[in-house]
Every structure is written in structure tokens, then in C-alpha cells.
Amino acid sequence: MKRLFIVCMLLFAGYASNAQGASEFTYQMSIPGTGEFGDFISKVTWVGFTYQGRKMLSDEQWSVGGSISWFYMVDEKGRTTYERENVTVTGYVTTFTNIFPLLLTVQRDFKDPYGTVVPFARIGVGGAWQDQRLDTGIYEFKDDDIQFAMNGEIGVRLNGAGGRNGAIIAATYHWMPGTDELLDTNFFGVKVGFGGIH
Amino acid sequence: MKHKTIYRRLCMPMFTAIFAMLLHSSCLPPLPDNVEDYDLTVTTFDEDYNFGGIQTYLLPDTVAHLISAGVIPNTTFDDEILNSLARNLDALGWTRTTDMATADIVVVATAFGQDNEVCYAYWDYWGYYWGYYPPYGGYPGYPGYVSCSSYKTGSVIVQMVDRTIDTSAADIPLRWVGAMNGLLEGSNQNISVRIVNNIDQMFAQSPYLKN
């Protein structure tokens, strides 16, 4: 599964690099959402990167494309006691996950994309490979699977002179429904980066 | 046009390579710093059993050891195990007896150790290639290198059995099981302290045992 995703990401990146349109590279800090995933990872995490490429449509305020991302979230819980039914376990627990979403995206720029300040909104739909792991004592409990993935973002691009390249600031939300192997996953994020129209 | 060409030629392949490396490697958290961070304590119990009715217990004065034939058991920590168990069982309000006929519950401790070895092999990818004609198979790759490490682990399992059970039955129900597992590394004093702490934890996470 993981190798299939690597191939898909490489193919996407190759295509995106040749598409006429826009692209961006951003860094993201993430805040786990609610539910079981919020218990699994309960801390803000600081490793997240996204590369995106888009093709602008005839109305250049609309663009379509795709994104590839990587998020690494870890929560060192220390010595913790867990109970499930009539079993109680105490140990030094560390939970972590690596998430690799691959999404198709649609973006709407609310102003001229070559302007100085360009607010935008974006949605993405696709899949994500995730590897959730819990380490306690000398044991590890690991599950990985591919999940359906959705993402929504609102932000602003601050273009420099020429209106083609600029800094990006955005707020994001990711959601991946649970599978037999993985927890329902949701998290918020704040991302910064740079992008350009080419 | 020149700007676009440079952007495509340099930045895009760089981003592609970075993402491919990240996807291949993923990330792992740092390992715990202390030996005691690898200790694990697990307890489970028979939810239908009335622990409130227990007044007396029998605890043998030896620890059972699971060992291979011909191996001499390591009894270094037996006293710590038995003394900790007796202290915790007394704290439950139970009275120790040496008479099987008057004991409500029998507590048995078992200990065993294990030697573990982990090896990681690193191959030179560019040294491996397939034979041109499939029936003749592939050519072996150039040997890489292997890194091995070994460590010892130890486990103590405490089981409670109702004295009135039919010992000839095929299945003997256990009323409570406490288990601890950890690295058998460090000084004997350190291991003794960890054994005592983990046995205490077994009873701390089993409040239903107390009268």
C-alpha cells in the first residue's frame, strides 16, 4: 500500500511540475481534533508539509489540481494506565502516526490572482495512507491502512511585485473516516509557505 | 520564460525528491531514556468472582521458574517477589495461612527470563539486479552489513486460584492474574526496586481485591 502511494505521489509531482498554473509549498503545525483521535494524539504537533500544483481555468480565479502532504504526529504520554473491560495495563506509552494524504483540489481566489492580497478557499478530496502506532514497554501495536480523505482551507496569498509569487497563510481542517484498522482522524492546522503562478 | 524554466527544472524535482524520501522513511519518536520506562504491568480478573469473600490466602515460600531442562534457575530476586506479594496481600485485609485446608485463595508466582537478539540488515540497493533470462533467476546483490544487538527481558506472573476448585478438571479457572515484564538490564539493586514497584502497581490497579 505504501509503495503504491509513493508511486502515485511521484507521478503527481511529475505532472504538477509540468502543468501550466500555480504551485505552492507550505509548512503546517497541526492541532488534533475531537474523538478517539484526540485521545490518541492529544498534543499540538509541528511536522507537516504540503506541496500543491494547480491548473488555472479560463476564469483564472478558479483552479483545479492536487496536493501531496506528510504529517507526523507524536504524543509521549509517559507512564499511563489504560483499562478496557477487565484488563488494566500500565506502562510508558508513546503514540504516533504518519499521514500521507493525496488529494484532488479545487481553489477559488476571491480577488484577481495577480493582486497584492488574494484571499482564497480550497477543498480537497482523495485518499491518505496512515500508520498509527502505540508503543508501550518493549511492545508495539501497529496498524496501517488507506483512508478516504477530505480537506478544507481558507487563507490569503500575499504576492510580491509582479503578482506571481508570494507568501501564503492559511487555516486548514483534515478529516479521514475510520476504517477497520484505523481511528477516525481529524485535525486542524495553520500553514505558512510560498507559492507562485507560472 | 527563463524564470519559469529555472523554477521547473530546479524546484519541482527537488520537491519531488524530498517528498519521496519523506514518504519512504516516515518518522519515529525517540526511544525512552530509562530502563524502567520499558516496564509493563498488566492485570485481569474474573468479573463474576466475589473477592469480598476472601479472608485467607496461601502463598508458597518459593517462586516457580520456567526454564529449559538442565538450566539452573536464577533465584536472585525470589525474596523480593515473595515479600512484596505478602505485603500487598496483607494490606488487602487477607490473612496468610500455611494450611491448604483453611485457605480461601492460593497465590502462585512464576518467573522466567528470555534472551532476545535483534538484527538489522542493510543492503546495497545498486548491487542487486535481475538475471536477463528469467529461468536462470536473478543475480545476488552485493552484501551490505548487519547490525545486531541483544537484550534480556524478564517476566513475573502472579496467579490466584480458588482453593476449592477441582484440580483434576481440564481447565482451572484463574480468578486474578497479574503480570509484569521489563528489561533485565542494570544492577541487581535497580532490578529489585523495579520488581517491587511493579508488584505494588499490580495491586494498585486492582482495587476490587480489597475487602
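Colleague: I'm new here. Is Tyr173(A) buried, partly exposed or exposed, and at what relative accessible area?

Modeller: Keep in mind that this is a predicted model. Buried would need under 20% and exposed over 50%. Tyr173(A) comes out between those, because its relative accessible area is 31%, so the label is partly exposed.

Colleague: And which label does Phe188(A) get?

Modeller: Phe188(A) sits in strand β8, residues 185-197 of chain A. Its relative accessibility is 43%, so Phe188(A) counts as partly exposed.

Colleague: What kind of aromatic pair do Tyr173(A) and Phe188(A) form?

Modeller: Their ring centres are 4.8 Å apart, and the angle between the planes is 45°. Under 30 degrees would be stacked and over 60 edge-to-face. That leaves this pair as tilted.

Colleague: How many residues apart in sequence are the parts that this pair ties together?

Modeller: Tyr173(A) belongs to strand β7 of chain A, while Phe188(A) belongs to strand β8 of that chain. So the pair links parts whose separation in sequence is 15 residues.

Colleague: Over in chain B, what kind of pair do Tyr49(B) and Phe51(B) make?

Modeller: Both Tyr49(B) and Phe51(B) are buried. Their ring centres lie 5.1 Å apart with the planes at 80°, so the pair is edge-to-face.

Colleague: Back to the surface: which elements give two or more residues to the nonpolar patch?

Modeller: Tyr173(A) and Phe188(A) are both in that patch, along with residues including Trp46(A) and Met150(A). Together the patch has about 790 Å² of accessible area. The elements giving two or more residues are, in chain A, β6 (139-159) and β7 (165-176).

How values were computed. Residues are numbered from 1 along each chain as its sequence is written. Chains are lettered from A and ligands numbered from 1 in the order in which they are written. This is a predicted model: local features need pLDDT of at least 70, side-chain atom pairs count only at pLDDT 80 or more; totals for chains, interfaces and linings use all residues. Side-chain values use heavy atoms; hydrogens and water are left out. Patches are made of residues with over 30% relative accessible area and no salt bridge: like charges are joined within 9 Å, nonpolar side chains (Val, Leu, Ile, Met, Phe, Trp, Tyr) within 5 Å. Accessible areas come from the Shrake-Rupley method with a 1.4 Å probe; for residues, only the protein chains shown count as cover. A salt bridge is a side-chain nitrogen of Lys or Arg within 4 Å of a carboxyl oxygen of Asp or Glu. Helices (H or I, at least four residues) and strands (E, at least two) are DSSP runs, numbered from the N terminus. Buried means under 20% relative accessible area, exposed over 50%, partly exposed in between (1.4 Å probe, protein chains only). Rings of Phe, Tyr and Trp (its six-membered ring) pair if their centres lie within 6.5 Å; planes under 30 degrees apart count as stacked, over 60 as edge-to-face and the rest as tilted.
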